[in-house]
Amino acid sequence: MSAYPFATRFMLTKGCQCMYFLPGESGMAGLVCGAPTRAGKSFCDAHRRETYQPLKAGRIYFRDASVVTCDDDSDHEPDLTEIVS
């Protein structure tokens, strides 16, 4: 039995599958977890717990040379357009 029963090639994943790359995998043809996710989330619950680090309230964060403050511990997963812009 595989440790990742839902393993899927990154290029073949759908919006409701975990996009966490498996160890030793990367790129468009790499394998990802593929387990079901909650609506609007990129990772399954197990990988989300492993990777999520909440923002600290009141701390100043820099992004694209502008100052952004975080006043709460919101769980926001940026989409690609936010990362690139």
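Me: How do you know how far to trust the model?
Reply: The chain averages a pLDDT of 77, and 67% of the residues score at least 70. pLDDT is the predictor's confidence in each residue, from 0 to 100. Confidence is lowest in strand 4 (residues 66–69), at a mean of 48, and highest in strand 2 (residues 31–32), at 93. Where pLDDT is low, the predicted coordinates should not be read in detail.

Residues are numbered from 1 along each chain as its sequence is written, and side-chain values use heavy atoms, without hydrogens and water. In this predicted model, local features need pLDDT of at least 70 and side-chain atom pairs count only at pLDDT 80 or more, while totals for chains, interfaces and linings use all residues.

Me: What makes a helix or a strand here, and how many are there in the protein chain?
Reply: Both are DSSP runs, numbered from the N terminus: helices are H or I with at least four residues, strands are E with at least two. The chain has two helices and four strands. Their order from the N terminus is β-β-α-β-β-α.

Me: Why are Phe10 and Phe21 called a stacked pair?
Reply: Rings of Phe, Tyr and Trp (its six-membered ring) pair if their centres lie within 6.5 Å; planes under 30 degrees apart count as stacked, over 60 as edge-to-face, the rest as tilted. A search of the whole structure finds two aromatic pairs. Phe10 and Phe21 lie 5.3 Å centre to centre, with 25° between the planes. The pair is therefore stacked under the definition. Both residues sit in the loop between strand 1 (8–9) and strand 2, 11 residues apart.

Me: What makes Tyr20 and Phe43 an edge-to-face pair?
Reply: Their centres are 6.0 Å apart, with 80° between the planes. Tyr20 is in the loop between strand 1 and strand 2. Phe43 is in the loop between strand 2 and helix 1 (45–51), 23 residues away. At 23% relative accessibility, Phe43 counts as partly exposed.

Me: What makes Arg48 lie over the face of Tyr52?
Reply: A charge sits over a ring if NZ of Lys or CZ of Arg is within 6 Å of the ring centre and within 35 degrees of the ring normal. Arg48 lies over the face of Tyr52, at 5.4 Å from the ring centre.

Me: Why is the contact of Arg9 and Glu25 called a salt bridge?
Reply: The term requires a side-chain nitrogen of Lys or Arg within 4 Å of a carboxyl oxygen of Asp or Glu. Arg9 and Glu25 meet at 3.9 Å, N to O. The contact therefore qualifies. Arg9 lies in strand 1 and Glu25 in the loop between strand 1 and strand 2, so the bridge ties together parts 16 residues apart in sequence. Arg9 is partly exposed at 38%, and Glu25 is partly exposed at 29%.

Me: Why is Cys44 called buried?
Reply: Its relative accessible area is 7%, so Cys44 is buried. Cys44 lies in the loop between strand 2 and helix 1. Buried residues make up 16% of the 85 residues in the chain.

Me: How do you know whether Gln17 is buried or exposed?
Reply: Gln17 has 17% relative accessibility, so Gln17 counts as buried. Gln17 is in the loop between strand 1 and strand 2. Gln17 and Phe43 are 26 residues apart in sequence and 7.3 Å apart in space, C-alpha to C-alpha.

Notes: Buried means under 20% relative accessible area, exposed over 50%, partly exposed in between (1.4 Å probe, protein chains only).
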